[in-house]
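Please look through the following model with an eye to its aromatic residues and its strands. The paragraphs after it lead from one to the other.

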Amino acid sequence: MILKDRPYLCQIPSVSIPLQNDTAKAKDKAEEAAEIARATDRGWELLKEMEGNCMYFISGWWSYSFCYNTDVKQFHQLPPGKGAPIFPPMEDPSTPSYILGRFEKNQHPPSDRKPNPRIDPPKDASASSPPNHRTLNTQLRAKGDLRYLVQTLSGGTTCDLTGRDRKIEVQFHCHPQSADRIGWIKEVSTCSYLMVIYTPRLCNDVAFLPPRENKAAPITCQEILASTSDIPEWRACKQEDADRKLVAASSSGRPIVGGIEVGGMKLVGKEGQRIETPPNTAFTMPGEGVVKLQTLAQQD
C-alpha cells in the first residue's frame, strides 16, 4: 500500500466464518433451548438467596418495597425524624398504600375460617409444597446478547380505574458491581407496572453476564524502508509526530500524561480498568512545551 508517497506492508486479519446448513441450524436451536432451560433453572436457584430480604426505592411522593417471594408494595414514606429513619423508608399508616403484585403463593391469603370436611374438598398433599418457578409466570428473556429473568406478579390491590387487580413485571438483571437494588420502576399502563432489579447473584452464571465488547479485527501496517540507514530518520519523524500531537492536544492548558488530558473530565478506558503509566512518558505543561519522563528504576 502507498500512503503519502511511502510504501507500507499491511496485514489483513483472517476471520473465519462458520458454515451454516440446515443440520447445523437445527443443532444450534436444540443446544440453545437446552441452554435456556439450564440457565433459567440456575437463575432461580441463585435468586432464592434473596428470600427474607426487602429492597426499597424512593421516587418523589411514592416509595416502593420489593420483598422476594412476598410482594411489591407502593406507599408513602413517613417524614424522617421522631423515630422514623431516612432509610429504609417507613410506611405512613395514615395514607393509602397499594400492593402492586404478589408472588403466587401469597396471591390468595389464607382465610381464618377452619375447614369443614363436609363442604371442603381434601387438600392435595402437593399443594403444601413450595411453588416451583416453572408454575409461575416466569421466563428468561434475551435482548441482543443480554439475558435476564422476568417474573410477572398479579393479585395486587384492585385498580379503581380498570376494576382489575394491579400487576407488575419484575426483571432481574446481572450487575457485577452492584449490590441487590431496585434500578427503577414505572407505570407502563394504567395499574400495570415494570420494575428492574440489578443483582450480582445472577452474575455467578455465565449466561447472564453482560456481553463482551466485540472489537473489530485491526489491520496493521508497517512502513517499508529502503535500507537500514533510514531507521534513525524514521524514528526521529515518528517522535516528532508524537510530540506534535501532544502539543496540539494541550491547547486547553491542561497537562497531558500518557495521552490522557489531566482534569479534562473525560471518560477514559472502561469501568474498573486500571490505567498504567508507560515507562517512558512524554507530557505537556502549559508554557513549558513537551516534558519527557524516563523510568530509571522500579520496585514491585
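Y68 and F172 are both buried, where buried means under 20% relative accessible area with a 1.4 Å probe, counting protein chains only. They form an edge-to-face aromatic pair, with 6.4 Å from centre to centre and 75 degrees between the planes; rings of Phe, Tyr and Trp (its six-membered ring) pair if their centres lie within 6.5 Å, and planes under 30 degrees apart count as stacked, over 60 as edge-to-face and the rest as tilted. Because Y68 lies in the loop between β4 (62-67) and β5 (71-76) while F172 belongs to strand β9, the pair ties together parts that are 104 residues apart in sequence.

This is a predicted model, in which local features need pLDDT of at least 70 and side-chain atom pairs count only at pLDDT 80 or more, whereas totals for chains, interfaces and linings use all residues. Residues are numbered from 1 along each chain as its sequence is written, and side-chain values use heavy atoms, with hydrogens and water left out.

Ring pairs link W44, F66, Y68, F103 and F172 into a cluster, and the structure holds 7 aromatic pairs.

Strand β9 (residues 167-174) pairs with strand β8 (residues 146-153) in the antiparallel sense over 5 bridges, where strands are DSSP runs of E with at least two residues, numbered from the N terminus, and pairing requires at least two DSSP bridges. L153 has I168 in β9 as its bridge partner. An open sheet of 5 strands with mixed pairing runs in the order β7-β8-β9-β11-β10, and its edge strands, β7 (138-143) and β10 (181-189), each pair on one side only.

Notes
Helix = DSSP H or I, 4+ residues; strand = E, 2+ residues; numbered from the N terminus. Buried < 20%, exposed > 50% of the residue type's maximum accessible area, 1.4 Å probe, protein only.
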